[in-house]
Amino acid sequence: MPQLGFSVYQIPLADTAEAVYQAIKIGYRLIDTAISYGNEVQTGQGIQRAIAEGLVQREELFITTKLFIQQMGEEKATQAIQQSLINMNLDYLDLYLIHQPYGDIYGAWRALAAAQEKGLVKSIGLSNFDSAKLIEFVKMNEVAQPQVNQIEVNPWNQQQEAVSYHKMCDVQMEAWAPFAEGRHELFTNETLAGIGRKYNKTVGQVVLRWLMQRGIIALAKSVNPERMAENFAIFDFELSAEDLALIAQLDQKESAFFDHHDPERVKWFMERL
């Protein structure tokens, strides 16, 4: 699994296929989408164009999508996996995740495990499972081991304790919203900007490199090819222990978005059904 991926979350439908194509052209090999994003079809179009033009072979790509609450349960999840493959015109997916920790997640997991056995999905995992829920899931299910958990990780919500629990469960952490969508003025933060000046790098590059050095897979998003290339240029420098310590001081230990345990937030998710 590549250490750096390209996310299509919130990219307009009209721009998605081109954005995916440009990302692959720049060098991204991990492409991340989800049923709830509504752009699996367009994501697949970008992928198929890149393959057709000889930019990449299918085996070089790592394609992820996610099962949303509406598709929980074994039967619905089985159908959703097939639909995702149709949507993206693919024979298999590299990673399929349960997107939210709500509903019949164990029934859905049986469907994911069955798809993995059939070769329709290479790897299976979770998303937005906090450490307690992750431990419960790993200990309670007897079907298959989750291989990835995609959660919010950024300088404001560093998930320091979660790292050890994921290692204990042998589950790879993957970060969504590594830039916190710019919240709390992330891109002008003087600590991050100062570190960037040391290496002639941007704040975004510093954040992505910070995640990589922590062993966390990161997902970056942009529709601008120049910004895509900028985000991808993080393999030619290394943050010092001093840099990492400075970034650690930025941790607010709370989501920059919402709490999955907030009753109002859970109510919002359920009403989307």
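1. A strand here is a DSSP run marked E of at least two residues, and strands are numbered from the N terminus. By that rule, Phe62 lies in strand 3, which covers residues 62–67. Keep in mind that this is a predicted model.

2. Is Phe62 buried or exposed? Its relative accessible area is 13%. Buried means under 20%, so Phe62 counts as buried.

3. What does Phe62 touch, once residues up to four places away in sequence are set aside? The list is Met1, Pro2, Arg29, Leu30, Ile31, Asp94 and Leu95. As for Leu112, 50 residues separate it from Phe62 in sequence. In space, the two are 17 Å apart, C-alpha to C-alpha.

4. Now take Ser123. This residue sits in strand 5, residues 121–127. Ser123 has a relative accessible area of 16%, so it is buried. Beyond its neighbours within four places in sequence, Ser123 is in contact with Asp94, Leu95, Tyr96, Gln116 and Gln147. Look back at Phe62: Asp94 and Leu95 are among its contacts.

5. Next, a pair of helices. Helix 5 spans residues 131–140 and helix 6 spans residues 160–169. Their axes come within 10 Å and cross at roughly 5 degrees. Angles under 35 degrees count as roughly parallel, so helix 5 and helix 6 are roughly parallel to each other.

6. Which residues make that helix contact? Helix 5 supplies Ser131, Leu134, Ile135 and Val138. Helix 6 supplies Ala162, Tyr165, His166, Met168 and Cys169. Of the residues in this contact, seven are nonpolar, two are polar and none is charged.

Conventions:
Residues are numbered from 1 along each chain as its sequence is written. This is a predicted model: local features need pLDDT of at least 70, side-chain atom pairs count only at pLDDT 80 or more; totals for chains, interfaces and linings use all residues. Side-chain values use heavy atoms; hydrogens and water are left out. Axes are lines fitted to C-alpha atoms, for helices over the stretch in contact, and angles run from 0 to 180 degrees between N-to-C directions. Helices (H or I, at least four residues) and strands (E, at least two) are DSSP runs, numbered from the N terminus. Angles under 35 degrees count as roughly parallel, over 145 as roughly antiparallel, 65 to 115 as roughly perpendicular and the rest as oblique. Contact means heavy atoms within 4.5 Å. Ala, Val, Leu, Ile, Met, Phe, Trp, Tyr, Cys and Pro count as nonpolar, Asp, Glu, Lys and Arg as charged, and the others, Gly among them, as polar. Buried means under 20% relative accessible area, exposed over 50%, partly exposed in between (1.4 Å probe, protein chains only).
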